[in-house]
Amino acid sequence: MRNKIDWKKFIISSIIIFIGFILIADILVDIIIKPKEFDWNKIFGFENLFWKVLASIVGAYFYSSSEKSENK
């Protein structure tokens, strides 16, 4: 079964998920849990950013391809 993707919704939600939930949440968790080991280079490192971008794309895909239940 193929789902239709709302591309505008996909792009906007991937940006919001990346910035809002993943990037800010990661910074806050690192500051709260390990304040002495907090390092900006670790947060913006390639491997860390790769997984954050991938998670935001997957989340945006599920959000933008979900169909609303319509009463027919």
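User: What does buried mean here, in terms of relative accessible area?
Analyst: Buried means under 20% relative accessible area. The model is a predicted one.

User: Then is Ser65 buried or exposed?
Analyst: Ser65 has a relative accessibility of 5%, so this residue counts as buried.

User: Where is Ser65 placed?
Analyst: Ser65 belongs to helix H3, which covers residues 46-65.

User: What does the side chain of Ser65 reach?
Analyst: The Ser65 side chain reaches the backbone oxygen of Tyr61, at 2.7 Å.

User: Is Tyr61 itself buried or partly exposed?
Analyst: Tyr61 is partly exposed, as its relative accessible area is 33%.

User: Moving to the rings, how many aromatic pairs does the structure hold?
Analyst: There are six aromatic pairs in the structure. One of them joins Tyr61 and Phe62: the ring centres are 5.4 Å apart and the planes stand at 65 degrees, so the pair is edge-to-face. Phe62 is exposed, with 54% relative accessible area.

User: Which residues form an aromatic cluster?
Analyst: One aromatic cluster is formed by Phe38, Trp40 and Phe44.

User: And what sits over the ring of Tyr63?
Analyst: The charged end of Lys9 does, at 4.7 Å from the centre of the Tyr63 ring.

User: Next, salt bridges. What is the count?
Analyst: The count is one salt bridge. The side chains of Asp26 and Lys52 meet in a salt bridge, with an N to O distance of 2.7 Å. This pair links distant parts of the chain, since Asp26 is in helix H1 and Lys52 is in helix H3, 26 residues apart.

User: Are Asp26 and Lys52 buried or exposed?
Analyst: Both Asp26 and Lys52 are buried.

User: On to the surface. Which residues form the nonpolar patch?
Analyst: The patch consists of Ile11, Ile15, Ile19, Ile24, Leu28, Val29, Ile31, Ile32 and Ile33, and together they have about 850 Å² of accessible area.

User: Take Ile31: where is its place, and why does Ile31 count as partly exposed?
Analyst: Ile31 is in helix H1, residues 7-33. Its relative accessibility is 40%, so Ile31 counts as partly exposed, a class that lies between buried, under 20%, and exposed, over 50%.

User: What about Phe21, buried or exposed?
Analyst: Phe21 also lies in helix H1. With a relative accessibility of 57%, Phe21 counts as exposed.

User: Last one: what separates the C-alpha atoms of Phe21 and Lys36?
Analyst: Those C-alpha atoms are separated by 23 Å, and Phe21 and Lys36 are 15 residues apart along the chain.

Terms used:
Residues are numbered from 1 along each chain as its sequence is written. This is a predicted model: local features need pLDDT of at least 70, side-chain atom pairs count only at pLDDT 80 or more; totals for chains, interfaces and linings use all residues. Side-chain values use heavy atoms; hydrogens and water are left out. Patches are made of residues with over 30% relative accessible area and no salt bridge: like charges are joined within 9 Å, nonpolar side chains (Val, Leu, Ile, Met, Phe, Trp, Tyr) within 5 Å. Accessible areas come from the Shrake-Rupley method with a 1.4 Å probe; for residues, only the protein chains shown count as cover. A salt bridge is a side-chain nitrogen of Lys or Arg within 4 Å of a carboxyl oxygen of Asp or Glu. Helices (H or I, at least four residues) and strands (E, at least two) are DSSP runs, numbered from the N terminus. Buried means under 20% relative accessible area, exposed over 50%, partly exposed in between (1.4 Å probe, protein chains only). Rings of Phe, Tyr and Trp (its six-membered ring) pair if their centres lie within 6.5 Å; planes under 30 degrees apart count as stacked, over 60 as edge-to-face and the rest as tilted. A charge sits over a ring if NZ of Lys or CZ of Arg is within 6 Å of the ring centre and within 35 degrees of the ring normal. A polar contact is a pair of N or O atoms within 3.5 Å; within protein, one must be able to donate a hydrogen and the other to accept it, and residues adjacent in sequence count only if both atoms are side-chain atoms.
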